[in-house]
Amino acid sequence: MNPANDSRSFLRDLDYSVLQQCIHCGMCLPSCPTYDATKREVSSPRGRIALMRAVADGEQPVSGHFSEEMYFCLGCLACQSVCPAGVNYEELIEAARAEVQRVRPNPSLSRKILLRWLFSSRARLRIAARLLWLAQRSGLEAFARRTGLIALLGKKMAELAPLSPRIETHFTPYGRFPARGPRKMRVGLLAGCVQDVAFASVNRDTIEVLQANGHEVVVPPAQQCCGSLHGHNGEHDLAVELARANLEAFPLEQLDAILVNSAGCGSFMKHYDQALANDSCHADRAAVWSGKVMDVSEFLMHTGLRTPKCAPLGATVTYHDACHLAHGQAIRGEPRQLLASIPGIDLRELKEADWCCGSAGIYNITHPDLAAELARRKLRNIQASGAKIVACANPGCAIQIDAEARRAGLPLVVRHPVSLLAEAYRREAPGA
Amino acid sequence: MSHEDFLEDLRRAAPGADLLDSPEDLLAYSFDGTPALRQKPLAVILPAETAHIPDILRAAVKHDVPVVTRGSGTGLSGGSVPAPGSLVLGTARLNRILELDAKNLTLRAEPGVTTLQIAEAAEAAGLFYPPDPGSMKISTIGGNVAENSGGLRGLKYGVTRDYVMGLKVALADGSVLETGNKCVKDVAGFSIKDLFVGSEGTLGVILEILLRLLPKPAAKRTMLASFPSMAAAAATVSEIIEQRIIPCTLEFLDKTTLRCVEDYAKVGLPLEAESILLMETDGHPAVVEAEAERMAELARKNGAIRLDLAKDDAEAARLSSARRSAFVALARLAPTTILEDVTVPRSRLVEMVEFIQDVARRRELKVGTFGHMGDGNLHPTFLANEKNPEEMKRVEEAFDEIFRKAIELGGTITGEHGVGLAKKAYLPLAIAPPALEFMRKIKRALDPEGVLNPGKIFDVS
């Protein structure tokens, strides 16, 4: 399909009331990291919405500046949490980015490689991850970094190299995992893409924790990336394609819930119904799907978590709110309650806990400077909390915070809340 | 001289400033928090130093370009909506707190510091800055001074003017004057600072503000009372004040607002109530305790259907959320939310609220009214759609009636939002010709070329 011939305009087709809901009161300004960094209205949520409205009204073209602003936005959705008028900013920014891709199809190399090739197929991603794993294990990567050979890949790659996650030896296992004890519920689990190759242990921990709470877990092998990286970055058609693949991969009728342990994925999967609303073959199934998607901490706290009976862990922990949990799904209490249920955890509240860490999907690749500034700010706050472990429920944040801690030479451990819980269950005396 | 020459002069005047003039930037500065008012400026400048502002003004005068000063653009009367062909002078980057003097209880700040930052800095020193306008998380202190902003604590603690001890101001000709100091008593000459407080950016550009702080009250009690009529709520307030109790908060919601709030926030408000009253008293713990009991008693005596007295901070926050979410709850119901701030003497408040409800009924409009019962400041909030010109016309007509009624009751057209553009047409209702002519004389004397925020509050000729 040639986008230039496609007369559909994402912004013009949008229900105008969504754009109009913004009363430009300015309450979003203090929540916005890009406004905070620039103090420019055009880089604020209400400024961007004004631009989108001008495009929808045909007063303003989709200019280069418009495109830059739409992608300068982190998509952290902090504005959505504080908006008095209840503006659905997520829908707006996704439509605006899709409009940019439609009108100005000028993909960068990172967009082509990451979104369209690597993250659009889990098979490709697993092969690429295996190659990276080989490089990491053989010492090739360390050698390249030490000798400066990595500079041959270009300055940008050399800077980004620390952000490449450590690939795990084993990826996520597929199949059915029985409940421990009498079965309460049967749930599906999304393995994710980054989560699958770099944090497969988090997926294994999630399966274990769910089993320990009496749930059967199904991890379908045919599942794909959830499409959030694409949907959040204007690749509307790819996102929809991936959503359809997942709808078909999961035995929806047999599952009480579809669980996800990555904030960004969950936020997007809950909106499959919107993404597929105009797809007559999939709309009904997508609506059922969206009704069943839950974040793993949300599910555990709402179905009654079994408190681990282990010796106190004796650790100071703080919790970083992933944007797509706190702002995208309004989930703040559940992960904290989950952590607080673990014996011997001194849970310290983090200053600016829900201020974006700068990972923001592929933002740390597209806008490394602001991303790095946000990472430093996050780390300063983590240090001030006195915690030695930071818990967060999103792989992007985990990579970002871990890389910043290593750069600063700080002995900080980044863990998923569910992994800390799994550890607590493992430490229980046999028969507990 | 060309546009390019003007920009070049600005760059020379303010090294390191952000100078913006792309169509996208101009669009983003074409509005403030006021509904349905839009005007693109010629350019926008965000200086990095207050010291550069006099030269920016000189450049503007030289090129005959009007200057509209802007803080965070949260105003509700169009005061910072650009004049046609104007330069927007944004203070967002001038955000340093320069000094907190704990011995004299003062704080000195640049104009772009947010009200919240002021309140937090005061609190960190065990002190208190009382004015708390609704947008205090982002509104700037410079904007607060220019608009003489109020807030929820007006009755007991007054408004922004009561906390301004001194100002440093750049005048239209680029000269700088300082007025006021840290002395509580000072009668050397005219109180010039009071001229600039509430002048809406028409007389000068505020470069620095010296604020008065108070000791932080040691205790606070919060309660929420529901009444079968607005009159019962008002009678409660009158009796509380007759008994010489001055609560720090006396906020009410009318029936429409309380239903919207309950729908949105699920605070557990009794839906059969006609009005609810949020009351707070603060001060010495023993006094606060006695006052809270007395206030509760008076509410019961006046027929309160229900009374919730907060046991702790968390519960106080929950009760306050009923009032704090009033605007939010209403704003979600319609694309365009038009919030006004007519004010009447406290004794005429019930009459005014009933009149507003009547106007809305007659003109087939949806309105929720909430506001400050202690100081007679009302926020009738009309829910409409700016894409519907016929409906917007009815809203305008409704406001016309409401403004006239407020004046008739001995009130004013605006209690805390300012006149700006939105209420300019109604100013002659509130201000008699001699006073209006006096204001014009001052404006002409201080800004003969009409460079500073022209067209706001009133026209000079």
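**Entry 1: salt bridges.** I searched the whole structure and found 68 salt bridges over all chains; a salt bridge here is a side-chain nitrogen of Lys or Arg within 4 Å of a carboxyl oxygen of Asp or Glu. I looked up one pair, A:Glu69 and A:Arg48, whose closest N and O atoms are 3.7 Å apart. A:Glu69 lies in helix H5 of chain A and A:Arg48 in helix H4 of chain A, so this pair ties together parts that are 21 residues apart in sequence. Helices (H or I, at least four residues) and strands (E, at least two) are DSSP runs, numbered from the N terminus.

**Entry 2: what I am looking at.** I noted that this is a predicted model, where local features need pLDDT of at least 70, side-chain atom pairs count only at pLDDT 80 or more, and totals for chains, interfaces and linings use all residues. Residues are numbered from 1 along each chain as its sequence is written, chains are lettered from A and ligands numbered from 1 in the order in which they are written, and side-chain values use heavy atoms, with hydrogens and water left out.

**Entry 3: where chains A and B meet.** I counted 32 residues from chain A and 38 residues from chain B in the contact, which means heavy atoms within 4.5 Å. The area buried between the two chains is about 2,700 Å², and carbon and sulfur atoms give 56% of it; buried area is the accessible area (1.4 Å probe) that two parts lose on being put together, summed over both. Which residues of chain A lose the most area to chain B? They are A:Gln20, A:His24 and A:Lys39, together 20% of what that side buries.

I then found four salt bridges across this interface. The side chains of A:Glu59 and B:Arg38 meet in a salt bridge, at 3.7 Å from N to O. Helix H4 of chain A gives six residues, the largest share of the side of chain A that touches chain B. By class, that side has 15 nonpolar, 10 polar and seven charged residues. For the classes, Ala, Val, Leu, Ile, Met, Phe, Trp, Tyr, Cys and Pro count as nonpolar, Asp, Glu, Lys and Arg as charged, and the others, Gly among them, as polar.

**Entry 4: a five-stranded sheet in chain A.** I traced an open sheet with the order E1-E3-E2-E4-E5 and mixed pairing; two strands pair if DSSP finds at least two bridges between them. Its edge strands are E1 (175-177) and E5 (293-295), each pairing on one side only. Strand E4 (residues 257-260) runs parallel to E5(A), joined by three bridges, and A:Leu259 has A:Met294 as its bridge partner in E5(A).

**Entry 5: a four-stranded sheet in chain A.** This open sheet has the order E7-E6-E8-E9, with parallel pairing. Strands E7 (345-348) and E9 (413-415) of chain A stand at the edges with a single partner strand each, so one side of each is left without a neighbour in the sheet. Strand E6 (residues 315-319) of chain A pairs with E7(A) over four bridges, and A:Thr318 stands opposite A:Arg348 in E7(A).

**Entry 6: a hairpin in chain B.** Strands E8 (residues 164-170) and E9 (residues 176-180) of chain B run antiparallel, joined by five bridges. The bridge partner of B:Lys168 in E9(B) is B:Glu178. Between the strands are five residues, and in this hairpin B:Gly174 takes a positive phi near 90°.
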